[in-house]
Amino acid sequence: MTDETLGGMSDREYPLVGLVREFGASEIHHLVAAVLARTVSTFLSFADVFLIGLGIDALFNGREFAIPLLPSAWVPSEPLPLLAFITGLMFGLNVLTNLTLFVAQYGFGVFTQRILHQIRVAKFDTAQRLELGFFEENRTGNIISVLNDDVNELDGFLNTVLSAAIWISMTVVSAFVYMSALNWQLALLVLASAPVVAGVNYWFSRRLEPLKDEVRTERGALNARLETNLSGIDVIKSFTAEEHERKRVEDASLDYFDARLGSRRRAVQQSPANRLIMGVWLVATLSLGIYWIVVEPPLFFSGTLTAGQLVPFLFYMERLTLPLKNLSGVIDGYKSAKASAKRIDGLTSIDGRLEGDSGDELVIDGGRVEFENVEFGYPGTEQRVFDGISFAAESEETIGLVGSTGAGKSTLVKCLLRFHEVDDGRITIDGQDVRNVSLEDLRDAIGYVNQDAYLFDGTIRDNIAYGASDASDTSDVPDERIEAAAKTAGAHRFVTELPDGYETQVGDRGTSLSGGQRQRLAIARAIVDDPPILVFDEATSHVDNETELVLQEKLDELTEDRTTFIIAHRLSTVRGADEILVLEDGSIAERGTHERLVERDGTYATLWNVQVGNLDALSSLGEATTDD
Ligand SMILES: Nc1ncnc2c1ncn2[C@@H]1O[C@H](COP(=O)(O)OP(=O)(O)OP(=O)(O)O)[C@@H](O)[C@H]1O
């Protein structure tokens with residue numbers, strides 16, 4: 001899967017309806033109230049012209065002022081009291097119309113914000129439960145775009161477009177009800193325009209949908225480009241690549257611009273087309289109506305038509321053009337929201353990519369880890385990282401993993417953590433296949449420090465306490481526990497030397513700290529939970545030799561009674577390991593203790609000699625690692 005196809009993967013036929021049904025079920029009473037209020041408000045807003053028409057005929061043509069449900073005894077017969085009565089009626093209607101409008105808009109607002117809040121949180125939760133591979137294949141900016149832009153697009157739809165859609169439908173229905181009450185024959189004539197209007201709008205809507213999908217995809221790609229660039233701003237500056245990056249952002253922005261303009265061009269054609277149709281119908285009705293009043297009923301029409309009927313009738317027709325003008329906006333908004341809903345829904349419709357949370361309890365009995373004939377290749381790649389790798393880390397043993405760049409060291413521990421599922425073979429902890437145990441148990445049992453030593457924005461204390469799986473809130477973790485972990489990780493001293501100590505804010509991703517300081521905090525975070533298995537992936541690569549020596553002593557103590565995997569390029573880090581595995585081309589090329597491997601005089605011995613300064617060894621290493 002590529003960035004561009006992150007969205008649009010929903011397997012639901014109606015993703016927008018699906019989302020609203022899934023998340024709006026508990027809020028449906030707000031929607032029902034809002035729809036009802038909007039319906040009443042729109043219907044009432046049409047009554048004023050009807051009253052004016054009745055008033056004209058009553059005052060000037062001597063016809064009876066009669067309204068359904070209104071007792072005739074209430075209606076004054078004298079002109080001036082009748083005028084005052086009509087004015088009072090219209091004022092009352094106006095108040096009621098605006099009151100119901102307020103209820104409708106407030107109801108839509110509550111419904112929308114509640115449903116969006118639920119979608120945002122639920123989809124973020126879903127996204128973070130997707131397997132790691134998904135994040136490796138999709139740019140973060142694109143995923144953020146789905147969780148932010150696309151959710152906000154729904155905001156616009158639910159808040160305004162949905163309300164406008166109801167207003168449009170009700171305007172059309174109300175206009176026809178009032179028009180039929182005035183003259184049903186003319187109303188039928190107006191109704192005859194419906195298939196033409198529907199046909200034209202269907203044509204536009206079909207052409208708009210793919211354009212909207214494209215807009216959403218391009219917006220995601222643009223966001224991803226912006227996010228990636230700002231994350232790597234130091235690299236951009238160091239390579240003075242600002243001009244190159246400006247061009248790349250410009251290209252992404254141009255793609256978005258083209259997509260947006262293409263969809264806008266189509267959308268803005270729709271409104272004039274609708275108005276043109278209604279304009280023709282209005283002129284035709286006006287001509288026929290005047291002929292009817294002045295001469296006789298034209299064509300197949302019969303009966304009488306008064307000016308007091310024709311004027312409000314034409315007024316309603318004119319009002320019909322207003323929703324038709326807005327129809328294009330509603331269809332435009334609906335298509336945008338549908339494109340967004342597809343992308344939001346697509347996050348959960350990624351077959352087999354959601355990490356399952358079921359599984360047996362993991363029972364630790366010593367923490368023996370065994371890889372049995374493990375085969376693995378990254379999805380979508382030809383290359384096999386492991387072709388049947390087997391070894392065991394006996395309980396409380398320390399295993400060193402070394403090998404050239406790209407040999408598969410990190411992948412091996414990621415398979416143990418089940419960031420990736422193995423293709424064949426199995427990995428067990430104390431005899432239990434990691435695929436059969438609960439993910440939470442598995443990951444709680446393993447203290448993992450990766451190469452990035454990523455820290456969250458917050459205090460040092462919070463970052464260390466983050467590793468305490470038994471605490472629901474970082475503030476619940478006792479200070480002593482945090483300090484003990486920091487001491488073991490060699491972090492306590494530098495932390496206490498900071499003006500705010502453990503309360504120091506580390507900045508976004510820990511930017512206010514050095515690489516070595518970040519690594520020590522990441523180690524403290526991994527061990528605060530006292531896990532039975534430890535995995536250090538280049539966890540001390542940024543610490544200086546002296547600090548590493550100090551750290552090593554503490555870590556030796558720490559790793560003494562737990563199974564530990566240490567990945568390191570600096571071989572002194574794994575020197576004391578019970579067994580060192582040298583990975584090469586997806587298999588274990590050499591294994592043994594440091595002393596035995598040096599004695600063996602193979603790849604490990606060469607690497608070791610190079611690191612202790614024997615540059616002659618470089619030539620044989622070069623033969624082994626230079627690309628053909
Ligand atoms: N997400 C991924 N998708 C596809 N291939 C990947 C992915 N991650 C790693 N690889 C490939 O898998 C192989 C093993 O990578 P891995 O990161 O495990 O190596 P490593 O031994 O840890 O390297 P290093 O010492 O540089 O960290 C490499 O060829 C790498 O290109």
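A: Begin with Leu401, which stands opposite Ile567 in E8. This is a predicted model, in which local features need pLDDT of at least 70 and side-chain atom pairs count only at pLDDT 80 or more, while totals for chains, interfaces and linings use all residues. Residues are numbered from 1 along each chain as its sequence is written.

Q: What is the strand order in the open sheet of six strands, and which strands are its edges?
A: The order is E6-E7-E8-E3-E9-E10, with mixed pairing. The edges are E6 (446-449) and E10 (587-592), each of which pairs on one side only. Neighbouring strands of this sheet are turned by 15 degrees against each other on average, direction ignored.

Q: Which strands does helix H12 lie across in this sheet?
A: H12 (residues 409-416) lies across E3, E7 (533-537), E8 and E9 (579-584), and runs at about 150 degrees to E8. Such angles go from 0 to 180 degrees between N-to-C directions, with axes fitted to C-alpha atoms (for helices, over the stretch in contact). Helix H17 (residues 515-527) lies across E6 and E7, at about 170 degrees to E6.

Q: How do you know that E1 pairs with two strands?
A: Strand E1 (residues 369-376) and strand E2 (residues 386-393) share six bridges in the antiparallel sense. E1 also pairs with strand E4 (residues 424-429), again antiparallel, over five bridges. Glu375 shows both sides: it stands opposite Asp387 in E2 and opposite Asp424 in E4. Val374 stands opposite Ile389 in E2. The open sheet of four strands has the order E2-E1-E4-E5, with E2 and E5 (432-433) as its edge strands. H12 lies across E1 and E4 here, at about 115 degrees to E1.

Q: Why are H8 and H10 called roughly antiparallel?
A: H8 (residues 194-231) and H10 (residues 242-294) pack at about 165 degrees, with axes 9 Å apart. Angles under 35 degrees count as roughly parallel, over 145 as roughly antiparallel, 65 to 115 as roughly perpendicular and the rest as oblique. The pair is therefore roughly antiparallel. Their contact has 17 nonpolar, seven polar and 11 charged residues.

Q: Why is H6 called oblique to H8?
A: H6 (residues 140-182) and H8 pack at about 125 degrees, with axes 7 Å apart. That value makes H6 oblique to H8. In contact (C-beta atoms, placed from the backbone, within 7 Å), residues including Thr140, Asp149 and Asp150 in H6 meet residues including Arg216, Arg219 and Glu227 in H8.

Q: What makes up the shell around the ligand, by class?
A: There are three nonpolar, seven polar and two charged residues. Ala, Val, Leu, Ile, Met, Phe, Trp, Tyr, Cys and Pro count as nonpolar, Asp, Glu, Lys and Arg as charged, and the others, Gly among them, as polar. The residues around the ligand (C-beta atom, placed from the backbone, within 6 Å) include Glu136, Tyr378, Gly408, Lys409, Ser410 and Thr411. H12 gives the largest share of the shell, three residues.

Conventions: Two strands pair if DSSP finds at least two bridges between them. Two residues are in contact if their C-beta atoms, placed from the backbone, lie within 7 Å.
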